[in-house]
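Keep the viewer open while you read.

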Amino acid sequence: MPNIGDIFPNFRAKTTEGEIDFYDWLGNSWGILFSHPGDFTPVCTSELGKAAELAPEFKRRGIKIIGLSCSSTREHEAWIPDILAYTGIKGPMPFPIISDEKRELAVGLGMLDPEFKDDKGMPMTCRALFIIGPDKKMKMSILYPALSGRNFSEILRVVDSLQLTDVKKVSTPVDWKYGEACMVDVSVPRVHEDHLFPKGVTVTELPSGKDYFRTTPMP
């Protein structure tokens, strides 16, 4: 499995939108690759439905999303109407789904859940999710077990933080949401605050007497 900061490996794969080269498909966009254990399962249907529902929000942020499971493309295509019906979305599926029948990507990217197996005794993919930047580096990963669904609203929140902190000298505090105050990055000297943060900086006094707890309106 790649680590944060690593170049995410390129690959070719069959999808519901044809065969792709991952780097070509991603282009200069941010990307989210997420796996699910299997088609025609309730938790996966709810997850992909939520991802489809939030697709306009991801698109607005310049993010491409793509799913993956070890089922065939034919099974994906037969399953998509269930996903759309569950969500109430009209029209085509707003993102492709990768077919990884030989489990090559699942193994190479560390996506398999050894405790969750299909009816043939083969390990199935867990709920892995990778966020990849335009520089092809992995910015974040999460790994959920097969039986626990993810929170895609949280993923969207993290994307907002990643895209902000990628270009500004700030970090985001606990439970931060887009538009709220940020923390001044600890690497920023006090003498550079006025230049970098014209909206002002607030220093919270703490028992240690250190001035590291600095907040500023979201730049």
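## Cysteines

There are zero disulfides in this structure, which is a predicted model. For reference, a disulfide is a covalent bond between the sulfur atoms of two cysteines.

## Aromatic rings

Searching the whole structure turns up eight aromatic pairs. A pair like this is described by the distance of the ring centres and the angle of the planes. Here are two of them.

| Pair | Centre to centre | Angle between planes | Arrangement |
|---|---|---|---|
| Phenylalanine 8 and phenylalanine 22 | 5.8 Å | 50° | tilted |
| Tyrosine 212 and phenylalanine 213 | 6.5 Å | 65° | edge-to-face |

What does the pair of phenylalanine 8 and phenylalanine 22 tie together? Phenylalanine 8 sits in the segment before strand 1 (12-15) and phenylalanine 22 belongs to helix 1 (residues 22-26), so the contact ties together parts that are 14 residues apart in sequence. Both phenylalanine 8 and phenylalanine 22 are buried.

The other pair in the table has partly exposed members: tyrosine 212 has a relative accessible area of 45%, and phenylalanine 213 comes in at 34%.

Ring pairs also build a cluster, linking Phe8, Phe11, Phe22, Trp25 and Phe130. One of those rings has a charge above it: the charged end of lysine 64 sits over tryptophan 25, 5.7 Å from the ring centre. Elsewhere, lysine 136 lies over the face of tyrosine 23, with 5.6 Å to the ring centre.

Is strand 3 enclosed or open? Six of the six residues of strand 3 (residues 30-35) are buried, so the rest of the structure largely encloses this strand. In a regular strand, side chains alternate between the two faces of the sheet. In strand 3, Trp30, Ile32 and Phe34 point one way, while Gly31, Leu33 and Ser35 point the other way.

Strand 3 pairs with strand 4 (residues 63-69) in the parallel sense, over six bridges. In that pairing, phenylalanine 34 stands opposite glycine 67. Strand 3 also runs antiparallel to strand 8 (residues 127-132), joined by four bridges, and there glycine 31 faces isoleucine 132.

Four strands make up an open, antiparallel sheet in the order 10-11-13-12. Strand 10 (170-171) and strand 12 (202-203) are at the edges with a single partner strand each, so one side of each has no neighbour in the sheet. Strand 10 is joined to strand 11 (residues 182-184) by two bridges, and valine 170 stands opposite valine 184 there.

## Helix 6

Helix 6 (residues 152-165) has 14 residues, and its first C-alpha to last C-alpha reach is 20 Å, close to the 20 Å expected at 1.5 Å a residue. Which residue caps the N-terminal end of helix 6? Asparagine 151 does, with a side-chain oxygen 3.0 Å from the backbone nitrogen of serine 153. Buried residues in helix 6 include Phe152, Ile155, Leu156, Val158 and Val159, and Asp160 and Ser161 are also among them.

Conventions: Residues numbered from 1 in each chain as written. Predicted model: local features only at pLDDT ≥ 70, side-chain atom pairs only at ≥ 80, totals over all residues. Heavy atoms only, no water. Expected span 1.5 Å × (residues − 1). Buried < 20%, exposed > 50% of the residue type's maximum accessible area, 1.4 Å probe, protein only. Polar contact = N/O pair within 3.5 Å; in protein donor to acceptor, adjacent residues only side chain to side chain. Disulfide = S-S within 2.5 Å. Phe/Tyr/Trp six-rings, centres within 6.5 Å; stacked < 30°, edge-to-face > 60°. Lys NZ or Arg CZ within 6 Å of the ring centre and 35° of its normal. Pairing = 2+ DSSP bridges.
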